[in-house]
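Here is a short briefing to read alongside the sequence and the 3D view. Please keep both open as you go through the topics below.

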Amino acid sequence: MIAFIIRRLCQSVAVMLSVAFIAFALFTYVGDPINNIVGQDTGLREREQLRHQLGLDDPFILQFARFVGHAAEGDFGLSYQYARPVSELIAERLPATLELSLVAAVLALAIGLPVGIYTGLHRYSWLSQLMLTASLVGISLPTFLTCILLILVFAVILGWLPSFGRGSTVALGWWTTGFLTIDGLKALILPAITLGLFQMTLIIRLVRAEMLEVLRTDYIKFARARGLPNRLIHFGHALKNTLVPVITITGLQLGSIIAFAVVTETVFQWPGMGLLIIQAISFADIPVMSAYLVLVAFFFVVINLIVDLLYYAVDPRLRIDRAAASGHGI
Amino acid sequence: MHRGLAAALAAALVAFAPLAGAKTFRFANDGDVNSMDPYARNETFLLTFVGNIYEPLVGRDKQLKAAPMLATSWSQTSPEVWRFKLRQGVKFHDGTPFTDDDVLFSFDRVRMDGSNLKAVVATVKRVSKIDDYTVDMTTDGPDPILPEELTNWYIMSKSWTEKNNAVKPADLTKNEDFYASRHANGTGPFMLKDREPEVKTTLVNNPNWWGKPEHNLTEVVFTHIGNDATRVAALLSGEIDMMYTVPPQDIERIRHTPHLKIYEGPELRTIFLGMDQARDELIDSNVKGKNPFKDVRVRKAFYLAIDEKAIKDKVMRGSATITALMVAPGVNGFDKSLNQRYPYDPAAAKKLLVEAGYPNGFEVGMDCPTDRYINDEAICQAVVAMLSKIGVKVNLLAQTRSKYFAKILGPGYNTSFYLLGWTPTTYDAHNALFNLIASRSASAGTGLFNVGGYSNKRVDELTRLIQIETDPEKRQAEISEAMKIHKEEFGHIPLHQQTVVWAARDNIELVQLADNFFPLRYVRVK
């Protein structure tokens with residue numbers, strides 16, 4: 001097991017390296033940061049000098065090598081936009097994004113699972129039909145529209161919730177949390193709903209489809225024939241067998257929530273990494289972009305690892321296979 | 001449960017209830033202040049925000065005329081020497097007194113590598129101490145408008161920067177956290193209380209400010225809200241008191257919302273089109289072996305074919321001031337008598353093209369930014385449509401500004417036809433002549449932004465004369481002559497000045513300036 005985890009973490013290094021390589025190959029096309037850095041009165045020679053100092057006139061292979069060299073020492077450089085260390089910028093933004101993603105994911109699971117199970121078990125009830133129709137809306141509305149609608153209703157018309165920002169936060173060491181203040185929690189509601197909505201509807205539909213599939217299988221019929229109570233059949237046997245794909249999808253979706261909460265964060269001015277990256281892109285802030293992409297690649301690898309480990313927890317067959325396989329190996 | 005929540009809410013309300021008499025002003029902008037270092041970036045928003053904390057020697061009043069700030073008076077003791085008398089009894093926010101050592105230090109710092117305001121003191125050779133509150137600035141040749149050029153150069157404290165290892169501006173090539181980009185210590189009416197980049201920046205009133213405050217604010221909270229719709233929503237819902245930039249499509253809506261007010265005024269920025277007149281063959285055209293833009297008739301045809309009034313009414317929704325000059329009213333040297341556009345006349349334009357030898361028009365590529373000026377891409381699309389009526393097929397390449405500027409600016413100047421905007425940072429026409437209109441010359445430093453390579457010897461000569469002419473009347477005559485030549489040769493096609501649009505609640509009093517600066521010292525909350 002430990003060996004498995006270590007092997008996966010080693011793979012993550014390869015993944016991050018290739019992401020960084022592709023990223024640097026693409027940076028040639030994002031534009032020239034020099035004109036964003038200097039003022040309009042700066043002369044040509046000074047512009048060239050700065051370009052040279054920052055190494056922007058080197059071929060991308062060289063820039064990539066330099067980035068990897070520095071990154072190996074934990075040095076991601078200085079943001080062109082803020083003149084501050086990139087690692088510090090990301091550390092500042094990370095808590096905001098992780099808290100938001102976590103709440104959105106929990107929300108999606110807490111609502112998505114029960115609704116999915118209910119609609120799977122009661123296919124023809126009117127409540128199921130209603131929920132499914134509602135979930136269609138959730139899956140088809142683009143995020144930016146959901147954001148704007150929620151802001152319009154809850155911030156502008158009703159005035160209940162803030163339309164932007166994170167409210168006040170409490171610092172716990174370097175981590176800032178919005179969980180401990182009332183306006184911090186209030187500020188979480190709208191962005192979390194927006195961000196979780198798509199995942200929620202996805203989970204509803206996935207769980208329902210899987211439930212329907214499993215309920216048709218022979219072992220459920222046998223279980224019924226044995227006279228097991230419905231509760232045990234539904235939750236002990238059926239649900240457990242639907243969970244593998246649900247975990248996979250939820251895991252991958254969590255990764256994309258963290259990495260690509262860009263739209264939600266932009267609209268709600270949520271001071272997280274999505275906002276950071278979108279500003280970095282428009283500024284051609286290469287140090288921030290490269291560090292961010294590498295970090296996101298790392299997140300995906302870790303989340304996938306956790307997903308794989310969860311498989312073992314829910315699916316006993318995998319545990320036996322692996323035990324057998326490693327037995328052969330030794 | 002319910003009661004618990006109510007109790008918690010009540011407690012929160014009590015905790016956040018403002019103190020009696022405390023006036024908090026909350027505002028938002030679509031850009032963030034990227035640094036607290038006043039030399040970090042030559043960018044309007046950074047300079048205007050940091051300008052509440054730091055102060056220049058010479059500032060600007062509500063009419064944008066030069067006004068005493070840390071210097072109480074100035075005069076030219078000889079054509080090449082400006083003498084500044086400094087204000088006495090001024091203290092920095094940390095309590096240390098302001099002296100001429102700080103001026104000398106700031107002069108050194110603003111010229112260091114990493115500073116992006118080097119240009120504001122470009123003509124100054126040397127600053128010397130006369131006594132504790134008098135300094136002389138020796139310029140490289142006569143500089144009649146030096147005080148005007150210094151208005152964005154803020155004075156920093158020598159002892160504070162030395163103590164905090166911030167003597168040099170931040171160096172982007174080194175990975176180190178930089179004190180002065182997160183902290184500030186100026187002499188201005190507001191002090192930096194708290195800065196959470198990207199979240200909010202809080203200023204408080206400086207009770208020891210040397211001036212008599214016009215504002216009545218105790219605290220100012222600035223938030224960056226990048227998304228247009230959210231910024232408008234935050235104002236509508238009352239979470240902020242004032243915001244800019246106002247998206248053009250929301251102006252009318254805000255105007256008709258009770259308790260909200262729109263402030264509108266012409267900006268100093270001029271938006272114009274330029275044409276490559278330097279190359280012998282355009283890089284992006286189907287005309288081979290010659291450059292149609294070298295022919296003044298073609299440039300005139302382009303000018304006449306563009307219906308600026310339609311652009312103003314339809315694209316800008318009325319929020320623009322039509323212009324015939326490359327500088328705006330309010331810029332020193334602006335000549336009203338020259339500000340008459342040649343009327344829109346597509347038939348004459350078509351005829352000029354025939355005379356120039358292009359009866360069937362031609363094809364040309366156009367470069368345009370998508371995120372730099374108000375409705376920049378839409379303006380270009382309108383221009384494309386208008387030129388198609390005289391048979392010119394324009395292939396539009398609209399890109400984000402990082403890509404756009406990298407393509408069109410020097411040393412490559414890789415464009416045939418482009419849209420650009422310009423605000424003279426010195427508020428003087430010389431700056432536009434020097435950067436946009438004078439011939440490109442690396443040795444003279446002129447024409448860096450003369451992307452089309454317009455060139456006229458007399459204009460170059462006038463630009464040199466204007467730089468050193470100390471007699472205001474003669475100087476104005478020279479500026480007008482240069483502007484007239486440029487206008488008649490259709491060196492560029494000026495379009496309009498953008499409009500500065502701000503929105504605020506109606507209990508806020510503020511002063512809107514044409515350079516889009518927003519000094520908090522004029523803000524009152526009723």
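A residue is called buried if 20 or more other C-beta atoms lie within 10 Å of its own, exposed if 12 or fewer, and partly exposed in between, with C-beta atoms placed from the backbone. This is a predicted model, in which local features need pLDDT of at least 70, side-chain atom pairs count only at pLDDT 80 or more, and totals for chains, interfaces and linings use all residues. Residues are numbered from 1 along each chain as its sequence is written, while chains are lettered from A and ligands numbered from 1 in the order in which they are written.

**A covered helix in chain B**

- Helix H8 (residues 296–305) of chain B is mostly covered, with eight of its 10 residues buried; helices (H or I, at least four residues) and strands (E, at least two) are DSSP runs, numbered from the N terminus.
- The buried residues of H8(B) are B:Val298, B:Arg299, B:Lys300, B:Ala301, B:Phe302, B:Tyr303, B:Leu304 and B:Ala305.
- These buried residues of H8(B) pack against strand E12 (260–275), helix H10 (346–355), helix H11 (376–388) and strand E17 (492–505) of chain B; two residues are in contact if their C-beta atoms, placed from the backbone, lie within 7 Å.

**The four-stranded sheet of chain B**

- In chain B, four strands make an open antiparallel sheet, ordered E4-E5-E7-E6; two strands pair if DSSP finds at least two bridges between them.
- Strand E4 (71–78) and strand E6 (124–131) of chain B are at the edges and have a single partner strand each, so one side of each is left without a neighbour in the sheet.
- On average, and with direction ignored, neighbouring strands of this sheet are turned by 25° against each other; axes are lines fitted to C-alpha atoms, for helices over the stretch in contact, and angles run from 0 to 180 degrees between N-to-C directions.
- Helix H3 (residues 100–110) of chain B packs on the sheet and touches E5, E6 and strand E7 (134–139) of chain B, its direction making about 170° with that of E6(B).
- E4(B) and E5(B) form a hairpin with two residues between them, and six antiparallel bridges link E4(B) to strand E5 (residues 81–86) of chain B.
- Within this pairing, B:Gln76 has B:Trp82 as its bridge partner, and B:Ala71 stands opposite B:Leu86.

**Helices H13 and H14 of chain B**

- The axes of helix H13 (residues 429–437) and helix H14 (residues 457–468) of chain B come within 10 Å and cross at roughly 145°.
- B:His430, B:Leu433, B:Phe434 and B:Ile437 in H13(B) meet B:Val459, B:Thr463, B:Ile466 and B:Gln467 in H14(B).
- By class, this contact of H13(B) with H14(B) has five nonpolar, three polar and no charged residues; Ala, Val, Leu, Ile, Met, Phe, Trp, Tyr, Cys and Pro count as nonpolar, Asp, Glu, Lys and Arg as charged, and the others, Gly among them, as polar.
- B:Leu448 lies in the loop between H13 and H14 of chain B and is buried, with 22 other C-beta atoms within 10 Å.
- Leaving aside neighbours within four places in sequence, B:Leu448 is in contact with A:Gly43, A:Leu44, B:Gly410 and B:Asn435.

**Where the chains meet**

- The contact between the chains takes 46 residues from chain A and 48 residues from chain B.
- H7(A) gives the most to the side of chain A that touches chain B, with five residues.
- That side of chain A has 24 nonpolar, 16 polar and six charged residues.

**Chain A and its confidence**

- Chain A holds 14 helices and two strands, and 39% of its 330 residues count as buried.
- The average pLDDT of chain A is 83, and 95% of the residues score at least 70; pLDDT is the predictor's confidence in each residue, from 0 to 100.
- Over residues 325–330 of chain A the pLDDT is below 50, and this stretch has zero contacts in the model beyond near neighbours in sequence.
- Where pLDDT is low, the predicted coordinates should not be read in detail.

**Backbone details**

- A cis peptide bond joins B:Tyr244 and B:Thr245, with omega about 0°.
- A:Ala83 has a positive phi near 55° although it is a residue other than glycine, and with 25 C-beta neighbours inside 10 Å it counts as buried.
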